[in-house]
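Please take a moment to look over the sequence and the model shown below, and then follow the explanation step by step.

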Amino acid sequence: MKFKYLMLISVLLSGEVYADTMSNARSEDIIKNCESYTLKYEYSNASHYCQEACSMNDGRSCTYLGSIFENGDEKGSDNIKQAITYYEKACHLNEGGACSTLGSLYYDGKGVKQDYAQANTYYEKACSLDDGSGCFNLGNSYYDGKGVNQDYSQANTYFEKACSLDVGSGCFNLGNSYYDGKGVKQDYTQAKIYFEKACSLDNGSGCFNLGNSYYDGKGVNQDYSQANTYFEKACSLDVGSGCFN
């Protein structure tokens, strides 16, 4: 009898493991469907899956659900408020992109009262979660003195982190700071390095400024041919000044 009792426990445990495995597989399918339909802009199909996934505390799915309410076919004040609710949950679940999006909504006063300080709070959390856009936006706040005291040095710190996270606009802004000597010692060579990285990340303005550096011989040997190469890329990235040059 004792042997049979142990066998029964074993069977019950195996059943529980199987049920858990099936449940986890279903959850993964729901999360994948949420992402897949959202990225294909099939919001009507995505909504059901994203709501279920968000209810399971999947932060990215909550972010997708927020974007569906913000950018879907039935836009309006009620929907943007609903979007904010989902972005807030996603941010609470440490989804950096949602924190950054919330920051931008507060910065622009979209669906909420404009509040630069609150925007920066969200940007700061986003950046701490290695969301490059959050770092870039926080850098802009310090550069422009929006919701914080203007501080070029602090701005550059955040631009540098954004650049390290492959946000081309962060590299571009940091390059400008070195070129103009804002918050750092003026250094054309260092500026060129950041413009170069910005351009490699398809930031058209970075390509244009890199072209100017070669054209004027600032931080590099003057080279009109090389300058034109970068102007051409800037033009292909819809930077009109590159086409003109």
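**Two helices side by side**

Helices H9 and H10 are roughly antiparallel to each other, because the angle between them is over 145 degrees. In this predicted model, H9 covers residues 168–180 and H10 covers residues 188–200, and the two pack at an angle of about 165°, with their axes 8 Å apart.

A second pair of helices can be read in the same way. Helix H6 (residues 116–128) packs against helix H7 (residues 132–144) at an angle of about 140°, and their axes are 7 Å apart. H6 and H7 are therefore described as oblique to each other, and the crossing in which H6 passes H7 is left-handed. From H6, the contact uses Asn120, Tyr123, Glu124, Ala126 and Cys127, while H7 brings Gly134, Cys135, Asn137, Leu138 and Ser141. The classes in this contact of H6 with H7 come to five nonpolar, four polar and one charged residues.

The secondary structure of the protein amounts to 13 helices and zero strands, so that the pattern read along the sequence is α-α-α-α-α-α-α-α-α-α-α-α-α. Of the 245 residues in the protein, 39% are buried. When contacts are limited to residues at least 6 apart in sequence, 47% of them join residues at least 24 apart.

Which residues touch the most other members of the largest nonpolar core? This core has 58 residues, and the answer is Cys50 and Leu65. The helix that gives the most to this core is H4 (residues 77–92), with seven residues.

Two single residues complete the tour. Is glycine 211 buried or exposed? Glycine 211, which lies in helix H11 (residues 204–216), counts as buried because its relative accessibility is 0%, and the limit for buried is under 20%. Leaving out residues up to four places away in sequence, glycine 211 touches Ala227, Tyr230 and Phe231. The C-alpha atom of glycine 211 is also separated by 9.1 Å from that of aspartate 223, a residue twelve residues apart from glycine 211 along the chain.

Aspartate 29 belongs to helix H1 (residues 2–39). Aspartate 29 is partly exposed, because its relative accessible area is 44%, a value that falls in between the limits of under 20% for buried and over 50% for exposed. From C-alpha to C-alpha, aspartate 29 and tyrosine 49 are 9.0 Å apart in space, and they are 20 residues apart in sequence.

Terms used
Residues are numbered from 1 along each chain as its sequence is written. This is a predicted model: local features need pLDDT of at least 70, side-chain atom pairs count only at pLDDT 80 or more; totals for chains, interfaces and linings use all residues. Side-chain values use heavy atoms; hydrogens and water are left out. Axes are lines fitted to C-alpha atoms, for helices over the stretch in contact, and angles run from 0 to 180 degrees between N-to-C directions. Helices (H or I, at least four residues) and strands (E, at least two) are DSSP runs, numbered from the N terminus. Angles under 35 degrees count as roughly parallel, over 145 as roughly antiparallel, 65 to 115 as roughly perpendicular and the rest as oblique. Buried means under 20% relative accessible area, exposed over 50%, partly exposed in between (1.4 Å probe, protein chains only). A nonpolar core is a set of buried Ala, Val, Leu, Ile, Met, Phe, Trp, Tyr and Cys residues joined through side-chain atoms within 4.5 Å. Contact means heavy atoms within 4.5 Å. A crossing is left-handed if the near helix is turned anticlockwise from the far one by less than a right angle, and right-handed if clockwise. Ala, Val, Leu, Ile, Met, Phe, Trp, Tyr, Cys and Pro count as nonpolar, Asp, Glu, Lys and Arg as charged, and the others, Gly among them, as polar.
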